[in-house]
Amino acid sequence: NNMEEEALQIIEAQLEDRGIRKDIDVTLLYLSNRNLKEVCDLGRFKILRYLWLNGNKLRRIDCILNNFRLSELYLENNDLIDISGALGHLTCLQVLMLHNNQLTKLEEVVRELRPMQALRVLNLFNNPLAQENEYRSYVIHHLPSVELLDRQEVLQSERDRAWRMYEQEQYLLRETIAFGRRAEGLPPRTRSQDRHKRPSTIPDKDVVANNFDTPPYENPNHAVALRAVSRAVMQYSMFDWSKVPKAEERRLAEKPQELPQIVTVRFK
């Protein structure tokens with residue numbers, strides 16, 4: 001391939017100018033602004049840490065599949081349309097420049113970057129995906145290690161907002177639903193604060209179904225009726241989770257979506 005040959009010649013010239021004879025000694029490469037459409041495999045440079053590929057015409061990136069030690073990667077000002085399967089293995093990456101490309105699928109790009117737990121600096125601006133609703137909050141929430149996004153510091157207030165947007169709502173929904181939880185029934189009858197000081201009372205044989213924490217009822221039917229209405233009231237809530245829009249669906253929706261109502265049933 002002529003383009004790969006051109007990239008290889010550029011690399012060899014650089015190594016010669018710097019007096020580097022062994023691939024193991026190569027830690028950085030400059031291949032920027034060369035109008036390259038393809039780049040040869042760089043896997044031979046096992047400890048490559050810094051790579052400049054910006055200012056070319058790359059549409060895909062498949063030349064660094066074996067460069068696991070990269071910590072800084074510059075891919076801005078290209079024609080990249082997809083990075084799926086190309087960058088996820090770079091778990092040591094700390095700086096990634098992807099601005100001024102043609103990336104359109106925010107979810108796929110973020111999914112590719114999620115294994116990068118050391119990523120601190122990320123640029124994605126001037127890509128079509130950056131026009132999506134709540135783009136910044138989505139990236140901040142799903143890539144929590146990023147401290148500088150699109151040349152702007154990620155603030156704690158932004159992290160809190162992103163958390164409320166993508167996590168807290170589901171948490172509150174789970175807390176709202178009471179599966180078999182005992183609900184409050186009729187207001188409880190006031191008990192004497194010093195009942196433990198009162199001498200115990202043995203009811204007469206004709207007093208039945210009385211509550212011994214309170215004075216006995218003269219009419220047993222009154223005691224029975226009170227017990228009946230004081231039984232525990234159980235509450236069950238039903239919720240159709242299939243109608244709950246996902247965070248991505250809410251973010252992409254043109255109008256705010258209403259959550260389905262929770263149907264609550266109480267019985268004794």
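Trainee: In which sense do strand β2 and strand β3 pair?
Mentor: The model is predicted: local features need pLDDT of at least 70, side-chain atom pairs count only at pLDDT 80 or more, and totals for chains, interfaces and linings use all residues. Residues are numbered from 1 along each chain as its sequence is written, and side-chain values use heavy atoms, without hydrogens and water. A strand is a DSSP run of E, at least two residues, numbered from the N terminus, and two strands pair if DSSP finds at least two bridges between them. Strand β2 (residues 50-52) and strand β3 (residues 72-74) share three bridges, and the sense is parallel.

Trainee: Which strands stand at the edges of the sheet?
Mentor: Seven strands form an open sheet with mixed pairing, in the order β1-β2-β3-β4-β5-β6-β7. Two of them have a single partner strand each, so one side of each lacks a neighbour in the sheet: β1 (28-30) and β7 (152-153).

Trainee: Is Y74 buried or exposed?
Mentor: Buried means under 20% relative accessible area, exposed over 50%, and partly exposed in between (1.4 Å probe, protein chains only). Y30 has 39% relative accessibility, so Y30 is partly exposed. Y74 has 15%, so Y74 counts as buried.

Conventions:
Helix = DSSP H or I, 4+ residues; strand = E, 2+ residues; numbered from the N terminus.
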